Amino acid sequence: MPQFPALDRNIECDVLIIGGGMAGILTAHYLKENGIEAVVAEGRRIGGGVTKNTTAVITAQHDRLYSELAKMHGVKGAQEYLAANLWAVDKLKELAGNGCDLEAASSVIYTRHNAGVLKKEAEFLSKLGYRADYITGSPLPFKIAAGLRFSEMAQFHPLKFISKISKGLNIYENTYITALKKNTAFTKNNNRIEAKHIVVATHYPFKRLTGLYFMKMFQNRSYVIGLKSNQKLDGTYVSYDGDGHYFRQYKDYILIGGGDRRVGTKVKGSCFDSVRQLAKDFYPDAAEEFAFAAQDCMSLDGVPYIGRYGKENRYVATGFNEWGMTSSMIGAKLITDMIMGKDTRESGFGGVFCPNRTIFRKQLFKNLGTVVISLLKPTAPRCTHLGSSLKRNKTEDTWECASHGSRFNAEGRIIDNPAMKDIT
């Protein structure tokens, strides 16, 4: 990865982007492409947060049914979401070019039990103007009842991609933003950045009350193992059945993911038990060579929040659920258009991502219940975000907050936000 200096003085700029992950770097790239220079302030290293742990599947099939999305956002909303993600797939492939381990890979959502649901989904997608292939077989090591295949999707290496597109951008690493006041951002080292526009691309927005994200999101962890195997997959696969398992290939490795859980919830045994049991059952001769976990901000309705962040000159991209690659690209496009004064509806997919859409979903009340319980639980240590109780995760040797997903290492140092201070 390229390295960039830390900010050591006060500066002024047109656009400040806080966060040097996929969303922040893509936004800076798009702004520069449109003649607008932006400054990226990254608290650690670019790509060193959530981005480095993604499986980097580039697809418009997001582990859900578009027919279910239409129930919440209408057919038009489902069409916008599909159009946005298909556009993002094409743009990511175009930007990656022949590098970044980019591979064409069809994307399949499968079921082992309920073929009828996916058959109806294929019919609904056809009404939206998209053809997904209905299949009844796969190279997975178990029999499926049915699957829906989205053709011409892709996968790549996220850090190689970030390394490529970050060249020539104005980036400061180890530049931790601690506060925003009007048009000024303040760093941990007491430097100031004055900006006409500010983009918050920090995974979870760090201002406590702005946008009510403490009510609108929770964080999820998913666990991945890499198996050295001679078996080959011809695409990426994700289960519809509720077990959360997903598969992709990288060179000689098969990556198996799953075991999804809300951060801070109790775990029986190891967090990796679900995927390791699947590997034992269906890949008994394959050796596990690595394991890692991904963390995702989950919105109330499965759609990211992209748009205004409180004040008129501030913008946010968050709530990517488990699909940060296309969501980051969509965020970069929409926020660039907003900064340039364009009507985002001209793209054909701006409306469905608006952060100010209704919050009255079932998940809202689940979130609020979890927060109340965590706040009232009289245990130590406490999260430095809003004071919720923390739970020990023995598998990963961390402290975790169920309210909003902050994580700390065994010594109390921050790993994942929205907390901004170590445990004292």
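## The second largest pocket

Let us start with a pocket: α2, β13 (218–228) and α8 (362–376) each supply at least two residues of the lining of the second largest pocket. Helices (H or I, at least four residues) and strands (E, at least two) are DSSP runs, numbered from the N terminus. Of these elements, α2 gives the most to the lining, with three residues. This is a predicted model, where local features need pLDDT of at least 70 and side-chain atom pairs count only at pLDDT 80 or more, while totals for chains, interfaces and linings use all residues. Residues are numbered from 1 along each chain as its sequence is written, and side-chain values use heavy atoms, with hydrogens and water left out.

The volume of the second largest pocket is about 770 Å³, taken as the space filled by probe spheres set on grid points that are joined across faces, edges and corners. A pocket here is an open set of points on a 1 Å grid over the protein atoms alone, where a 1.4 Å probe fits, with protein on both sides within 12 Å along at least five of seven lines; lining residues have an atom within 4 Å of a point. There are 26 lining residues, and D63, R64, M298, G302 and N321 lie nearest the centre. Sorted by class, the lining has eight nonpolar, nine polar and nine charged residues. In this count Ala, Val, Leu, Ile, Met, Phe, Trp, Tyr, Cys and Pro are nonpolar, Asp, Glu, Lys and Arg are charged, and the others, Gly among them, are polar.

## Nonpolar cores

Now to the cores, which are sets of buried Ala, Val, Leu, Ile, Met, Phe, Trp, Tyr and Cys residues joined through side-chain atoms within 4.5 Å. Buried means under 20% relative accessible area, exposed over 50%, and partly exposed in between (1.4 Å probe, protein chains only). The largest nonpolar core has 74 residues, and those with the most contacts inside it are I17, L26, Y66, F150, F156, F161 and F353. Helix α2 (residues 66–96) gives the most to this core, with 12 residues. Another core, of 28 residues, lies apart from it and includes I193, V200, V316 and L364.

L26 touches L92, L95, F161, I165, S328, M329 and A332, leaving aside residues up to four places away in sequence; contact means heavy atoms within 4.5 Å.

## Aromatic pairs

The structure holds 13 aromatic pairs. Rings of Phe, Tyr and Trp (its six-membered ring) pair if their centres lie within 6.5 Å; planes under 30 degrees apart count as stacked, over 60 as edge-to-face and the rest as tilted. Y110 and F142 form a tilted pair, 5.8 Å centre to centre with 45 degrees between the planes. This pair links distant parts of the chain, with Y110 in strand β5 (residues 106–111) and F142 in the loop between β6 (133–135) and β7, 32 residues apart. Y110 is buried at 1% relative accessibility, and F142 is buried at 8%.

F142 also pairs edge-to-face with F282, at 5.1 Å centre to centre and 65 degrees between the planes. F282 sits in helix α6 (residues 273–282), 140 residues apart from F142, and is partly exposed at 25% relative accessibility. Ring pairs link Y110, F142, F247 and F282 into a cluster.

## Backbone points to check

E152 has a positive phi of about 60 degrees although it is not a glycine. E152 is found in the loop between β7 (146–150) and β8 (154–155) and is exposed, with a relative accessible area of 64%. The peptide bond from A380 to P381 is cis, with omega near 0 degrees, and P381 lies in the loop between α8 and β20 (390–393).
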